Amino acid sequence: MSGPSPFAAWWATYALATGIVSAGLDSAGYAIPSRIALALACAAWLAAAAGLVQRTHGEWRVETPAALTTVAATAILGTGFSAAGQQPVAEALLALAMVLWAVLLTAEAEGRRGTVFLRCVATQGLAVLGATLAAADAVAWLAHAALVLFWLGLALYCFALFRFQPRQVEEGRGDHWLAAGALAVSALAGAKVLGADSARLYLWNEENADTLRTTTVTLLVLALIACVALFLAELFWPRHHYDVRRWATVFAAVVTAAATLAVAAALDVPWLEVAGEVLLWIAVAVWLGCTTWALASARAGTRRLPVRSRARR
């Protein structure tokens, strides 16, 4: 059995990070850049799906990280389509993501690296999309299902944190940032579940709403603290070489910004919205920087290939 496909992993992580960029831009009111990012995320998602389908014969176990990332990306893409008013497409993506999530939830995680948090990320991605559709379609049961997924995602985070090796903060190649990204996407899910309530849907009583608000704000604060801590760790232990796992860092940055904007909207806190927009543009710069780094690395690899081929001869 061959190892995990870097092709599928790259496109899956790129689709997830770019889909979050689209969601963040939409939350900030930048519709056209959001749609452009959504189109890029869709193209990457199709490439990731094609890479996984080619390796389904007995190889799902080694592809679990890329597959779980694709589940999360599917849910985030559905959120983007819902924001664009394409509810049937979003509903179809939710159904697809749920099926894949159910199949992969009990699959073996990869070691003790940052990928152990992918179950939480995928589960909270489903909660985000479910709550978004519940708000758009005024469907109470979907909001309650999203709430269940939200709490399940937190339980999965705790389980992953127990398995995660702290030394990955020093040795990881970028995927250790999923420890922060999973917190941020959980905060995003909590904000979306809060936002699903309306005059048409009386979902939560005051006590339940207070618990949800407190939990969501706590998750956002923890995500921000984790991002700062991991950034400082990058200064102490810099990673100078490009790795596909660096896209987990980009995901953590952009989802933290998107979560800040979502929490600001759900709780009606204007200053937090300003902070979220600042974080969003920093995250977009990180996304652009990593895209440039990836392209430069691919170009350098292509240039070295003929030299290696001649050496073999």
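Residues are numbered from 1 along each chain as its sequence is written, and side-chain values rest on heavy atoms, with hydrogens and water left out. Because the model is predicted, local features need pLDDT of at least 70 and side-chain atom pairs count only at pLDDT 80 or more, whereas totals for chains, interfaces and linings use all residues.

Helices are taken here as DSSP runs of H or I with at least four residues, numbered from the N terminus. Helix H6 (residues 140–163) has 24 residues and spans 35 Å from its first C-alpha to its last, close to the 34 Å expected at 1.5 Å a residue, where the expected span is 1.5 Å times one less than the number of residues. Several residues of H6 are buried, including Leu142, Ala146, Phe150, Gly153 and Tyr157; buried means under 20% relative accessible area, exposed means over 50%, and partly exposed lies in between (1.4 Å probe, protein chains only). The buried residues of H6 pack against helix H4 (87–104), helix H5 (118–137), helix H8 (178–195) and H9, with contact meaning heavy atoms within 4.5 Å.

Helix H5, one of these partners of H6, has 20 residues and reaches 28 Å between its first and last C-alpha, close to the expected 28 Å. H5 is mostly covered, since 17 of its 20 residues are buried, and just after H5, Ala138 takes a positive phi of about 55°. In helix H3 (residues 64–83) lies Thr79, which is buried with a relative accessible area of 8%. Thr79 touches Val128, Leu129 and Thr132, when residues up to four places away in sequence are not counted.

The structure holds zero disulfides, a disulfide being a pair of cysteine sulfur atoms within 2.5 Å. For Cys120, the closest cysteine sulfur is that of Cys158, at 8.7 Å, which is too far for a bond. Cys120 counts as buried because its relative accessibility is 1%, and Cys290 likewise counts as buried, at 4%.

Leu235 belongs to helix H9 (residues 206–236) and counts as exposed because its relative accessibility is 56%.

Notes:
Helices (H or I, at least four residues) and strands (E, at least two) are DSSP runs, numbered from the N terminus.
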